[in-house]
Amino acid sequence: EILGPHGHIVDHFWDDAWQGGKPVAWSDVAAYDVVLMFQSFCQPEGPYFRHSHPNVIYIPMLDQFGLWQGPLYNLSAFWEPFQGSKVLNFSNALHEMTSAFGIASHFVRYYQPTTPSPAAARDGLHGFFWLRRELQLPWKTIRQLIADVRFDSFHLHLVPDPGTPAPEPPSAEDVARHNITTSTWFEHKADLHAVMERANVYFAPRAEEGIGQSFLEAMGRGQCVVAPNHGTMNEYILPGVNGLLFDIRNPQPLDFSQVPRLGGCARESTIAGRLAWEQAEHELVRFILTPSEALYVGRYQHAFAASAPPGPPPAAPAAPSLGARLRAFSQRHA
C-alpha cells in the first residue's frame, strides 16, 4: 500500500513451509529489486541471506520471540544469517536488539488512521475484554486489577486462540456486580465493533504483541487501554498519561478515576502518532530501496557471492576516503 503510490510494483509470494507446504524459491524472486520477508522467511542459499539476494529485508514481529517471559535462549544464531541484510522493525525493543547484533535496522512506529470522531463518551466505567489466552491473561487477573471498583457494565468475549485452553468464565457474583455480558461469536465484524465501542476501558488481550493493532484501535476510539507492561503496549502507553500498565506476574489494583482523561490523551497520541507515521513514509521507502551493501560501507567487506573462487585470499580493500565516507553518511542520514 505504501510502495504502490511511489511508483513501485509489488508482487506477493506466500510461504507455506511453516505448515509443511512449499517454500518460496529464491529463483522465483531473483529478478526483483527488493525481497521483503514478513515474519516468515525462506532459508538462505548459503550462510547469509545476502548470498541469496543483494537486497533482502526481514520484518519481524516482537511477539514471535516471547521476550515477556524473560531470557529464553541465545538469539545470536537466529540473527546470524541476517548479517549484511536489512531489518525493518515496528518495535523499538526489536530495533535495539537487531542493531546490537550489528544488523542494519530501521525503526518506525505504526499508527492506524484515526476515525473522524471517537465513540460517544459514557458516564461511569464500561469495560471490554477479549479472553484469548487463559494461561496468560485470565479473568481472575482482570478481577485483581479491578479489585473493589464496580464497573457499570463489562463485556467478555470468550473466544480463545486456537490451541489454548477454554476460558474460565467469571463467577455469578462478578456477573452481578459488574453487569457482565458475554459473547462467543459474531456473524459480522461490525457487531463486535459495536460492542467494543460501548466501552471506555479496553483491557488488552495478550501479554505481548507484534504491533498491537487491537489496542491501537482502542486508543484511537478514545478508550483507556489497560495492558501488561510489555511490548509493544509499553512502547505506546505511558502509564497515567494515555493509559494504564500493570505487572502481569504481580497484578495490583489500578486507579480508574481518570479514565475519561486517559482515553482522551490516548486518542490525541494516536492522532499525533499517525501524523509522524505519514511524515516518516519517505524515509521508510528510502530504506527499502537502498541496496543492503550501501548500509555497511566501512563496516566489513560485503560480498554478494555465495562462495569465493579458489585461489589466494583477496587483498584487504583500501579504506574509503573521507569524502566517500561523508557521502555514504550523508546518504544514510539525509
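Where is the place of A166? Select A166 first: this residue is in the loop between β6 and α5 (172–178). Helices (H or I, at least four residues) and strands (E, at least two) are DSSP runs, numbered from the N terminus.

The model is predicted, so to be read with its limits: local features need pLDDT of at least 70, side-chain atom pairs count only at pLDDT 80 or more, and totals for chains, interfaces and linings use all residues. Residues are numbered from 1 along each chain as its sequence is written, and side-chain values use heavy atoms, with hydrogens and water left out.

**Around A166**

With 62% relative accessibility, A166 counts as exposed (exposed is over 50%, buried under 20% relative accessible area, partly exposed in between; 1.4 Å probe, protein chains only). Contact means heavy atoms within 4.5 Å. Then show R133, whose C-alpha is 8.7 Å from that of A166, although 33 residues separate them in sequence.

**The open sheet**

Next, select the strands in the order β7-β6-β5-β8-β9-β10: these 6 strands form an open sheet with parallel pairing. Two strands pair if DSSP finds at least two bridges between them. At the edges stand β7 (180–183) and β10 (244–246), each with a single partner strand, so one side of each has no neighbour in the sheet. Strand β6 (residues 153–157) pairs with β7 over 4 bridges in the parallel sense. To find one of these places, select H157 and its bridge partner in β7, S183.

Helix α6 (residues 189–196) packs on the sheet, where it touches β5 (126–130), β6 and β8 (201–203). The direction of α6 makes about 140 degrees with that of β5 (axes are lines fitted to C-alpha atoms, for helices over the stretch in contact, and angles run from 0 to 180 degrees between N-to-C directions).

**Helix α10**

Move to α10 (residues 281–289) and select its buried residues: L284, V285, F287 and I288. Seen down the axis of α10, they fall within an arc of 160 degrees, so they line one face of the helix; the arc is that of the directions from the helix axis to the C-beta atoms. Their cover includes β1 (35–38), β2 (56–59), β3 (86–89), β4 (104–107) and α9 (259–279).

**The whole protein**

Finally, display everything: the protein has 11 helices and 10 strands. Of its 334 residues, 44% count as buried.
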